[in-house]
Amino acid sequence: MTSQRSSCLKLMFAFALPLLASTIAAQRPQELRERLRQASLESSLDQAGLKPWHLLLSFQLLDAQGQSMEAGTIEEWWASPSLHRIVYTSKSYNNTELLKEQGFYKASPDIFPPEMMEAVQAQTVHPMPDSEEVEGSKPDLRKLDMSKVPLDCIMLDQPLTNLAYPPLGLFPTVCLDRDKTSLRLRIDSGTIVVTHNTIGTFQGKHVATNQTISLDNLPVIKAHIEKLNTEALTSSDFQAASELVRIEETTPSIAGSVIAGNNLKKVTPFYPARAKLNHVSGTVTLGALIGRDGRVHRLKIISTPDADLAIASLVAVRQWTYKPYVLNGQRVSVDTTIKVNFSFGPG
């Protein structure tokens, strides 16, 4: 792996990241989709045709003061999109995952990596939004200067008629170097910010050698690539050992009213001051993927009366947990909807 550049982006966000000043730049949605497609091609390590590789990623989970409270590694051997193995090693989570054509296997099927461990692995190997997410949106270009670094931020807007100019970061957003295709920031769920602090090249791809993920303006994990090399791997390197258990992967769509009964932890969303002042109320409807571990893994705004209420809902709901849904005796992930109601009282 070779070094391309080292340019740190220092985040100075207030809580309301979407209120950052940005300049609208007119560009056709299809042109923006093509730019995102090219950025994905230039940053994804899980594409067919790449030479097999071996990755060693170290990370530190951070406390509220930014101090390391746990360290660990994520090691991955990749031979093709349908053949790779990941080993998580840390104080709180140790597991092996294996994907091959015969199926998906885990050493410990009922324990799951913390959200941020999964996130740094994904942001190293496949940091851009999936093509389905891009094609199902109306990309919106905003120009932004972050710590004197000029960025082109493309937000994947959803067709919500009451939000003529949604604030930056309300929908999934990627920020690329100005007029280029190298990813520098990714913003999800309003206030989850992934910063690619330094970028290198590997097999012609842009790879984040150092990254930081911040949650509500606080860094929660830092990761660094210790090693990324091509390696001669064969199918014999991916034999399913006896301790690995095959996991049936299925994601049924389940009504929100059914899943609501499985809720174990519900964080009450704050009522934004501006919405209260303007007497804005109503229901925010979110599409959600709830994983086999009962955590909320993905959120999408389906409808909202107001951008501030949407952000408050995203911040709260991503902390909710559920009793895992069981189908045919096995835990499964589910697609569902979650409704968050806001109403203001007198005074």
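A residue is called buried when its relative accessible area is under 20%. In this predicted model, that criterion applies to both tyrosine 271 and phenylalanine 342, which are buried.

The structure contains 3 aromatic pairs. In one of them, the ring centres of tyrosine 88 and tyrosine 93 lie 5.3 Å apart and the planes meet at 70°, so this pair is edge-to-face. Because its relative accessibility is 4%, tyrosine 88 counts as buried; tyrosine 93, at 3%, likewise counts as buried.

Tyrosine 271 and phenylalanine 342 form another edge-to-face aromatic pair, with 5.4 Å from centre to centre and 85° between the planes. This pair links distant parts of the chain, as its members are 71 residues apart. Tyrosine 271 belongs to the loop between β16 (263-265) and α5 (273-277), whereas phenylalanine 342 lies in strand β22 (residues 334-342).

Strand β22 leads on to a sheet. Here 3 strands are arranged in the order β18-β17-β22, forming an open sheet with antiparallel pairing. Its edge strands are β18 (296-303) and β22, each of which pairs on one side only. On average, neighbouring strands of this sheet are turned by 30° against each other, with direction ignored.

Within the sheet, strand β17 (residues 282-290) pairs with β18 in the antiparallel sense over 6 bridges. Glycine 287 has lysine 300, in β18, as its bridge partner.

A further ring contact involves a charged group: the charged end of arginine 85 sits over the ring of tryptophan 77, at 4.3 Å from the centre of that ring.

Terms used
Residues numbered from 1 in each chain as written. Predicted model: local features only at pLDDT ≥ 70, side-chain atom pairs only at ≥ 80, totals over all residues. Heavy atoms only, no water. Phe/Tyr/Trp six-rings, centres within 6.5 Å; stacked < 30°, edge-to-face > 60°. Buried < 20%, exposed > 50% of the residue type's maximum accessible area, 1.4 Å probe, protein only. Helix = DSSP H or I, 4+ residues; strand = E, 2+ residues; numbered from the N terminus. Lys NZ or Arg CZ within 6 Å of the ring centre and 35° of its normal. Pairing = 2+ DSSP bridges. Axes fitted to C-alpha atoms, helices over the stretch in contact; angles between N-to-C directions.
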